[in-house]
Amino acid sequence: MPLLDAADPLDVRAAAQALAAGELLAFPTETVYGLGARADDDAAVQRIYAAKGRPAAHPLIVHAADMEQAQRFALQWPAAAQTLAKAFWPGPLTLIVTRAPGLAQAAAGDQGSIGLRVPAHPVAQALLHEAQRLGVPGVAAPSANRFGRVSATRAAHVVQEFGPELKVLDGGECPGGIESAIVDCTAAQPALLRPGLLPRATLEAALGVPLREPDEQSPRASGSLKAHYAPTARVRLMSSQQLRDALDVLGPQASSLRLAVYSRSRLRSARGVEHRLMPDDPAAAAHELFAALREFDARGAQLIWVEELPDSPEWEGMRDRLMRAAAA
Ligand code: TXA
Ligand code: MG
């Protein structure tokens with residue numbers, strides 16, 4: 001039975017055994033579900049790329065049970081990595097550091113750097129510790145979705161993406177809902193490669209210096225491709241006024257468009273338009289974002305009009321995901 005129950009210790013052990021045996025296993029983290037394979041098994045890691053349809057040069061994040069296990073993959077451990085890991089691990093933060101030669105080559109997409117994360121989710125923690133006991137040095141795991149698509153925040157989403165054959169450790173809904181922040185620590189001054197659940201200001205406060213923007217020398221992150229995180233329907237970002245005007249203009253014609261509206265403000269609902277209100281609280285909004293996009297898809301929407309998010313720092317990670325969804 002490919003769905004394993006995270007509340008059952010025997011199932012968690014079976015999940016760890018699957019990883020140890022070189023199988024793929026999807027598991028929950030505090031951000032999104034990951035599609036995991038042991039990081040030291042290049043053949044197992046290749047199966048991740050194949051399942052996702054992801055180009056082989058796009059590196060994966062290696063997940064570790066604790067900082068010590070993570071550090072084994074690093075050639076150097078810069079001061080910035082130490083500061084950030086101490087402040088935020090276990091947690092929704094990925095650090096890019098120089099890779100120890102010969103380790104996790106396929107997982108790192110052959111690059112000289114490696115992305116490392118110690119997740120905080122109790123199920124991920126239990127799984128990674130159990131896998132460690134079985135000799136697994138770390139688990140390479142991208143988000144459990146096909147390349148370019150919306151990440152999975154529930155076990156059922158993972159099944160939608162990969163079918164019923166894949167083993168999934170079901171730990172319910174991921175609390176965070178968007179992916180980890182990624183900080184490149186390979187250069188003298190750390191750079192934010194991908195905004196995420198941890199706000200930039202929180203990271204900068206711990207570091208004591210501002211994070212740089214990535215440049216040509218920065219390691220590449222596929223999550224930073226212009227078009228990514230996309231549902232099947234076309235996503236368009238609009239101001240609340242643009243939304244009102246467009247709905248007014250459409251009037252009763254709206255029903256022929258298979259249109260969904262995901263707004264922050266209460267709008268007069270138009271007939272035939274599926275309307276969903278986004279929570280005011282950024283954490284609650286992030287928690288439901290990808291599930292909401294998937295639900296619009298599932299109900300057959302062809303267009304999703306999303307109200308632009310506030311320009312304030314705590315919305316940065318979500319603004320980033322929605323911009324990329326709209327660029328697809
Ligand atoms: O929250 C998360 O980070 C989730 C959970 C499962 O941990 N994982 C996730 O993985 O979002 P993925 O593969 O969907 O996104 C990871 C991003 C990719 O854009 C990848 O290119 C980048 O991290 N990345 C990984 N290793 C890297 C490296 N060595 N250099 C540059 N970018 C790297
Ligand atoms: Mg992803």
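How do helix 4 and helix 7 lie to each other? I looked this up in a predicted model, where local features need pLDDT of at least 70, side-chain atom pairs count only at pLDDT 80 or more, and totals for chains, interfaces and linings use all residues. Residues are numbered from 1 along each chain as its sequence is written.

**Entry: the helix pair**

I found helix 4 (residues 79-88) and helix 7 (residues 200-207) packed at about 120°, with axes 9 Å apart. Helices here are DSSP runs of H or I with at least four residues, and strands are runs of E with at least two. Axes are lines fitted to C-alpha atoms, for helices over the stretch in contact, and angles run from 0 to 180 degrees between N-to-C directions. So the two helices are oblique to each other; under 35 degrees would count as roughly parallel, over 145 as roughly antiparallel, and 65 to 115 as roughly perpendicular, with the rest oblique.

**Entry: who touches whom**

Contact means heavy atoms within 4.5 Å. Helix 4 brings Ala-80, Thr-83, Leu-84, Ala-87 and Phe-88, and helix 7 brings Thr-202, Leu-203, Ala-206 and Leu-207.

I then traced an open sheet of 10 strands, in the order 1-8-2-3-7-4-6-5-9-10, with mixed pairing. Strand 1 (3-5) and strand 10 (191-194) are at the edges with a single partner strand each, so one side of each has no neighbour in the sheet. Two strands pair if DSSP finds at least two bridges between them. Strand 1 pairs with strand 8 (residues 167-170) in the parallel sense over three bridges. There I saw Leu-4 opposite Leu-169 in strand 8.

Back to helix 4: it lies across strand 5 (93-98) and strand 9 (181-184), running at about 155° to strand 5.

Methods. Chains are lettered from A and ligands numbered from 1 in the order in which they are written. Side-chain values use heavy atoms; hydrogens and water are left out.
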